[in-house]
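Let me write down what I look up, one entry at a time.

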Amino acid sequence: MTRRTYLDHAATTPMLPESLEAMTACLPLVGNPSSLHTSGRLARRLVEESRERIAAALGARPSEVLFTGGGTESDNLAVKGLYWQRHGQDARRRRILLSAVEHHAVMDSALWLAQHEGAEVEWLPVDAAGRMHPETLEAAIAGDPDTVALVSVMWANNEVGTVQPVARLAAVAGSHGVPIHCDAVQAFGQLKVDFAASGLDAMTVTGHKIGGPLGLGLLVLGRSVELTPVMHGGGQERDVRSGTLDTPAIVGLAAAAETAAGTQPRRAAHLAGLRDDLVGRLLAEVSDVVVGGDSRLSLDHRLPGNAHFSFPGCEGDALLMLLDARGIECSTGSACSAGVPQPSHVLLAMGVPEDLARGSLRFSFGHSSTAADVDAVIDAIEPVVTRARRAGQTTVRA
Amino acid sequence: MKVLAAMSGGVDSAVAAARAADAGHDVTGVHLALASNPQSFRTGARGCCTLEDARDARRAADVIGIPFYVWDLAERFRQDVVEDFVAEYSAGRTPNPCLRCNEKVKFAAVLDKALALGFDAVCTGHYARVVDGRLVRAVDPAKDQSYVLGVLSARQVARAMFPIGTSRKEAVRREAAVRGLAVAAKPDSHDICFIADGDTAGFLQRRLGSAPGPIVDVDGTEVGGHDGAYAFTVGQRRGLRIGRPAPDGMPRYVLDVSPVTNTVTVGPAARLDVYRMVARRAVWSGPAPRAPTPCLAQVRAHGDPVPATARWDGDLLDVELHTIVRGVAPGQAVVLYDAETVIGSATIASTSSAIPAAR
């Protein structure tokens with residue numbers, strides 16, 4: 001097999017050795033953290049020590065850290081749970097305010113509430129860089145503050161890496177007494193994420209994007225924030241989330257979270273260096289390539305590990321296939337059902353024309369990325385783009 | 001060669017891809033997503049392009065050990081196959097959507113894209129053979145699909161690969177089982193893939209609406225009514241709902257469908273006998289019959305080939321049949337063979353039941 005150049009860390013990133021080691025060491029242990037005997041108490045101790053380490057890494061209190069089955073579950077729990085809670089307290093609260101570039105886990109949860117529970121979803125516009133302005137949120141809430149159930153805005157976008165002004169958005173929501181949830185799945189590990197300083201009410205994090213295990217996520221939920229459960233059972237996590245806790249995964253996630261927070265400044269500089277190198281050299285290599293997202297590459301504006309390009313006249317899936325054949329793994333960054341690419345709602349919301357949106361690729365760097373990865377892309381890109389351009393977009397539009 | 005294997009999720013295309021890989025080609029599997037809103041599961045033998053089919057194709061690619069992608073051709077398929085199907089029926093003709101899909105999608109859009117991306121050939125699970133650059137019938141006469149591929153040009157045939165045309169269906173299924181392909185026992189697909197419930201008349205009615213008109217006898221006497229001439233096809237006997245029996249007491253068949261006057265003409269079976277036909281839009285993968293050429297003509301996918309003499313003037317193809325063929329509808333394709341080898345095909349524009357003067 002050809003050497004693989006893995007540049008899809010935003011999809012999932014390899015486990016960190018310290019996480020793998022910590023998790024593996026716990027796998028043989030028996031004991032349900034909810035059991036009262038000695039083995040149960042040992043497991044519970046591992047869980048609670050991990051919760052404390054995770055809380056410290058995220059600027060949260062231990063009681064605010066809830067373990068879930070992953071990012072999608074946390075987003076569902078936050079959006080649906082907050083809606084049911086708020087609407088149950090006051091039936092006028094039906095409006096869900098979302099940025100137009102949210103992940104499907106947030107979007108589709110809100111749309112489900114609209115279809116089945118009478119919610120009204122409002123998509124708040126973003127600028128050409130994909131950023132939602134606090135004034136936009138202010139205007140949307142202030143129009144009728146009593147009818148807002150919740151706000152959800154992601155910390156940083158998964159496709160184009162645009163960083164939202166989270167603290168300022170949280171201040172706007174807070175000034176109206178409206179709870180705000182934030183999907184920070186892409187941000188944690190690359191940016192400084194401090195839950196207490198952010199002013200957020202709820203925040204989603206997941207293990208496998210930071211070098212922790214798959215299948216374990218977090219909902220960081222402010223102590224005073226009430227939430228209606230989505231899944232019912234033993235009520236293990238603050239009576240909000242039920243299910244037996246996965247002790248080994250939790251221990252693995254704690255190790256990864258500590259590294260993510262502790263090495264963040266260094267990691268960000270490393271990723272940004274590689275990303276800037278790729279952007280600069282790719283612009284020189286392919287004359288008409290368009291860089292998607294915020295052109296300002298600083299940490300306030302853009303995830304350091306994210307590079308996004310649109311190649312006029314090409315189809316993203318053709319580019320992906322040709323790069324894959326040369327050992328380079330990236331993403332079209334768009335949602336798939338049965339692997340069928342749709343033009344990205346994120347790019348369309350940013351005002352990117354549909355043709356250009358279809359010809360887009362996301363390269364995302366992570367902890368195992370090296371300068372050789374950038375070299376591999378630069379070596380391959382020109383012939384790949386030439387070939388993909390020849391194939392054109394004939395199959396998507398007759 | 002770099003080969004793109006179109007994988008439907010069925011047993012034939014899976015074995016075809018496996019054989020291409022075994023032959024030493026660099027094979028990439030591609031599932032063509034043709035439905036814009038795919039169903040989750042197939043129902044029996046009907047329909048295709050479900051999410052389950054895509055998964056079956058992916059699993060077959062895994063077992064064969066080749067890369068696998070899904071290409072979205074839903075819009076192209078809708079325009080070139082589904083809309084064409086509706087337009088042809090509404091014009092009183094009887095189209096073959098499988099043939100159109102091969103002509104416009106699999107060996108046009110997909111082939112062109114594959115060639116542009118650096119592939120040398122497209123491999124499918126059709127039962128046909130390519131021998132010395134010519135399209136030839138499959139070894140299994142019951143499964144032969146050379147008719148629906150007859151519309152391919154020489155250039156398209158040159159880039160096509162049909163690895164299972166040398167085998168019988170039972171052998172293909174056995175081979176799939178030996179190879180560990182889970183689709184070995186999957187039912188064959190039948191009917192028109194984009195009409196999942198098999199109700200073509202219902203599909204056309206939803207698309208074209210109700211358009212009541214008369215059913216007339218050969219002498220013009222109105223003998224009944226219909227809700228849309230498009231629901232009838234030449235040679236059809238069932239569903240005419242004519243109360244009055246014919247004077248001769250014999251069953252009546254659809255002889256003609258005229259969308260301009262919205263009239264369906266019925267008459268006795270003998271009037272369906274066709275001796276001669278004129279066809280347009282000829283495509284040749286063998287030598288075009290500029291001079292009168294003896295050949296075999298086939299007018300439907302599983303019809304018997306009949307001896308004929310064909311002549312092409314560069315525009316119209318004139319086919320004189322030496323054996324009567326019954327119930328040929330305009331819009332059907334006539335495929336000409338030299339023994340087992342395809343010469344070319346054309347779309348039937350008109351038929352004539354008059355016995356040629358020379359005979």
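**Entry 1: two domains in chain A.** I looked up the distance between the centres of domain 1 of chain A and domain 2 of chain A, and over C-alpha atoms it is 27 Å. Domain 1 covers 5-13 + 264-391 and domain 2 covers 17-262; such bounds come from an automatic or database domain assignment. I noted that this is a predicted model, where local features need pLDDT of at least 70, side-chain atom pairs count only at pLDDT 80 or more, and totals for chains, interfaces and linings use all residues. Residues are numbered from 1 along each chain as its sequence is written, while chains are lettered from A and ligands numbered from 1 in the order in which they are written.

Entry 2: I found 28 residues from domain 1 of chain A and 25 residues from domain 2 of chain A in the contact (two residues are in contact if their C-beta atoms, placed from the backbone, lie within 7 Å). On the domain 1 side, α9 (264-285), β10 (306-310) and α11 (345-349) of chain A each supply at least two residues. Helices (H or I, at least four residues) and strands (E, at least two) are DSSP runs, numbered from the N terminus. The largest share of that side, four residues, comes from α9(A).

**Entry 3: a strand in chain B.** Next I turned to β16 (residues 333-338) of chain B. Why is it largely enclosed by the rest of the structure? Five of its six residues are buried, so the rest of the structure largely encloses β16(B). A residue is buried if 20 or more other C-beta atoms lie within 10 Å of its own, exposed if 12 or fewer, and partly exposed in between, with C-beta atoms placed from the backbone.

I then checked its partners; strands pair if DSSP finds at least two bridges between them. β13 (residues 293-298) of chain B pairs with β16(B) in the antiparallel sense over three bridges, and B:A297 stands opposite B:L336. Six bridges join β16(B) to β17 (residues 341-352) of chain B, also antiparallel, with B:A333 opposite B:T347. β16(B) and β17(B) form a hairpin with two residues between them, and B:A339 in the turn has a positive phi of about 55°.

**Entry 4: a helix in chain B.** How many residues of α1(B) are buried? I counted 11 of its 12, including B:V11, B:D12 and B:R19. These buried residues pack against several elements of chain B, among them β1 (2-6) and α2 (51-64). Just after α1(B), B:G24 takes a positive phi of about 95°.
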